[in-house]
Structure formats: structure tokens, C-alpha cells
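This report looks at helix packing and at a few individual residues. The structure is shown first, and the text follows it.

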Amino acid sequence: MSAALDSLLDLLDLEQIERDIFRGTSRSSLVPRVFGGQVAAQALVAAGRTVPADRSAHSLHAYFLRAGDPGAPIVYSVDRIRDGRSFTTRRVVAVQHGQPIFHLSASFQTYEEGLEHQAPMPPAPDPETLPTAAQMLPRHADRFRDPGVVDRLIEARAAVDLRYVDEPPFATVGEPREPRSQVWFRTNGKLADDPLLHVCLATYVSDMTLLDSVLLAHGRGGWTVGDVVGASLDHAMWFHRPFRADEWLLYDQESPSASGGRGLGQARIHTQDGRLAITVIQEGVIRVPRA
């Protein structure tokens, strides 16, 4: 296991301070606020720790309310909304400095047999043939406002091997493309056989690139280039089938709409052998800076 992945797992190992109250810390971020994927993953950890082990997360719905302070702890308060025969529902509020910064509702289900069908996996190249972040990012250093962003991006993604199928938005600034993006990802090291851990790590990664397709449609490079500013507004995920976050997952993303200063991204995550594991939808604020 890499040191970076070990650090990320420590980040997700929340401290329990009361029966349904947990406390988490933050890691350094590329922006002066807590990374949204971290808050979502920690909130899901908090919810999952109050649920029987035989019930797996099948969906989450979340709102980002305020920017998180990376220098302060985050307190997660879990509300045990319902414990039914098949489904368990939890609500989590993340609080900093006396104010809620994030709200999550999550549902868990016992395993059962049922009807089966899925959308087919789209074509994509073998992830092992694609460049790593450490290989790809330095080639585009001249695109960034701050040359140091390259090293910080590589460091921020050291726990996860994330590989773009096509050029990322910052590599093709000024060239509008089809609003579609694909990345392969997996953790940089093996994980324990804990289904909740794999779901939480996929939640963490899901906030990294989902709005790329919005930028591609308009030839924008993103915050590192400085031609847009923005933040996540809400996030929803449905977990359809078991998967491992330490094995390759294809994140197939597209944007059906952008309007009113907001952009919508939707995606499907497939395992390498073609099983549809997760559906993700996210909306974010995406604004063009005023001259």
C-alpha cells in the first residue's frame, strides 16, 4: 500500500466521540476549502458505522452547503431515520464552526435476488496503456496559472491512479469538444475486504472529474487555468452491484445541460469486466470570471 493511500484511509477512519457523532480531519487541498469528495466519503463512513454489517449502501443524496475549512475538524452527526426489514436510512449533517457545511441522506439494503439488466459498458482502451498523472500532467504545465499546480495535482492524486482516456479540459483550452469524458481509476494499493470502504473510496473519487464534460463543451480549462470558477452544489450516487475500488473502474461521464451559472454532469461507473457498478449525477456552480 502506498503512503498516500494509507494517509487517505486514515482520513476516512473517523473518531467516534458519541453514539452517533463522529469527528474527522482534512488533508491539504488544491483550493482553500475542503475537497467535496472527502466530506461526502467521510459522511458516508459515519452513516455506515451506524448500520448493521449485512446492509450495503445502495444510494446517497447530498448537498454542499458551505465551503469547508481545511484547518478545522468536521463533526458528523448521524440521525437514525429508519431501520426497516430490508432498508435502513440515515441522515448526516457535517458541521464546522457551529454551522452545517454538508448534508447527506443515505440508504442501505440487505442483499436480495431480483430482476437483472444493465446498460452496456461503452468502449474504452485498456487502462494500462494510458499515461499516469505523473506522466501526463507535466506535459501541460504551461497551461496553468501557477506552475506549482502540477506537483500539487500529482500529490493530491497519489492515493488514486486516475488515467484520462482523452485529453483533460486543461489540455484543450479554447477547443470546444463533445461534452463527454472518460477516466479509469483505482486505488494505489490493495484494500481490505470491507464493502463500505470500497463504496466510500469510490464516493471520494467521484467528485474529482465529474464536471469535466461541462468544461469540454465550452472549451474551458477549469479553475487551474483560471477561465472558470465554481464548486459542487449537490451529488447523488446509486450503487448497483458489488465492486472493488482497488481494481480498475471506468468512469464514463457526460454533460446534458449547462445554464443559469450551473452545469450538470452524469456518469456511469463500470468494472473492467463490464458490470455496471455505480450511477452518479452532480450539479455544480460554473461561472465565467468577469473581466
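Is Val 160 buried or exposed? Val 160 has a relative accessible area of 4% and is therefore buried (buried means under 20% relative accessible area, exposed over 50%, partly exposed in between, with a 1.4 Å probe and protein chains only). The model is predicted, so local features need pLDDT of at least 70 and side-chain atom pairs count only at pLDDT 80 or more, while totals for chains, interfaces and linings use all residues. Residues are numbered from 1 along each chain as its sequence is written, and side-chain values use heavy atoms, with hydrogens and water left out.

**Single residues**

Val 160 is found in strand S7, residues 160-164 (helices, H or I with at least four residues, and strands, E with at least two, are DSSP runs numbered from the N terminus). Leaving out residues up to four places away in sequence, Val 160 touches Phe 185, Arg 186, Thr 187, Asn 188 and Val 205 (contact means heavy atoms within 4.5 Å). Ala 4 lies 156 residues from Val 160 along the chain, and their C-alpha atoms are separated by 8.5 Å.

The table lists the relative accessible area of further residues.

| Residue | Relative accessible area | Class |
|---|---|---|
| Leu 210 | 0% | buried |
| Thr 224 | 6% | buried |
| His 218 | 49% | partly exposed |
| His 97 | 61% | exposed |

Leu 210 is placed in the loop between H5 and H6. Apart from neighbours within four places in sequence, the contacts of Leu 210 are His 235, Tyr 251, Gln 253, Gly 265, Gln 266, Ala 267, Val 280, Ile 281 and Gln 282. Between Leu 210 and Phe 144 there are 66 residues of sequence separation and 20 Å from C-alpha to C-alpha.

Phe 144 is in turn among the contacts of Thr 224, together with Arg 145, Val 149 and Phe 170, when neighbours within four places in sequence are left aside. Thr 224 sits in the loop between helix H6 (212-217) and strand S9 (229-239).

His 218 is also found in the loop between H6 and S9. Not counting residues up to four places away in sequence, His 218 touches Pro 176 and Ala 258.

His 97 belongs to the loop between strand S5 (87-96) and strand S6 (99-110). Although His 97 is not a glycine, its phi is positive, at about 50°. Most residues other than glycine have a negative phi.

Which residues of helix H1 are buried? In H1 (residues 3-12) they are Ala 4, Leu 5, Leu 8, Leu 9, Leu 11 and Leu 12. These residues cover an arc of only 155° around the axis, which puts them on the same side of H1 (the arc is that of the directions from the helix axis to the C-beta atoms). The face turned away from that buried side carries the exposed residues Ala 3 and Asp 10. The cover over the buried residues of H1 includes H2, strand S8 (180-187) and H5.

Helix H4 (residues 149-156) has Val 149, Val 150 and Leu 153 buried. Their arc around the axis is only 100°, so they are on the same side of H4. Asp 151 and Glu 155 are exposed on the face of H4 turned away from its buried side.

**Packing against H5**

The axes of H1 and H5 come within 12 Å and cross at roughly 105° (axes are lines fitted to C-alpha atoms, for helices over the stretch in contact, and angles run from 0 to 180 degrees between N-to-C directions). H1 is therefore roughly perpendicular to H5 (angles under 35 degrees count as roughly parallel, over 145 as roughly antiparallel, 65 to 115 as roughly perpendicular and the rest as oblique). Leu 8, Leu 9 and Leu 12 of H1 meet Leu 197, Leu 201 and Tyr 204 of H5. By class, this contact of H1 with H5 has 6 nonpolar, no polar and no charged residues (Ala, Val, Leu, Ile, Met, Phe, Trp, Tyr, Cys and Pro count as nonpolar, Asp, Glu, Lys and Arg as charged, and the others, Gly among them, as polar).

For helix H2 (residues 36-48) and helix H5 (residues 195-209), the axes come within 7 Å and cross at roughly 160°. H2 is therefore roughly antiparallel to H5. On the H2 side, Gly 36, Gly 37, Gln 38, Ala 40, Ala 41, Leu 44, Val 45 and Gly 48 meet Leu 196, Val 199, Cys 200, Thr 203, Tyr 204 and Asp 207 in H5. The contact of H2 with H5 has 8 nonpolar, 5 polar and 1 charged residues.
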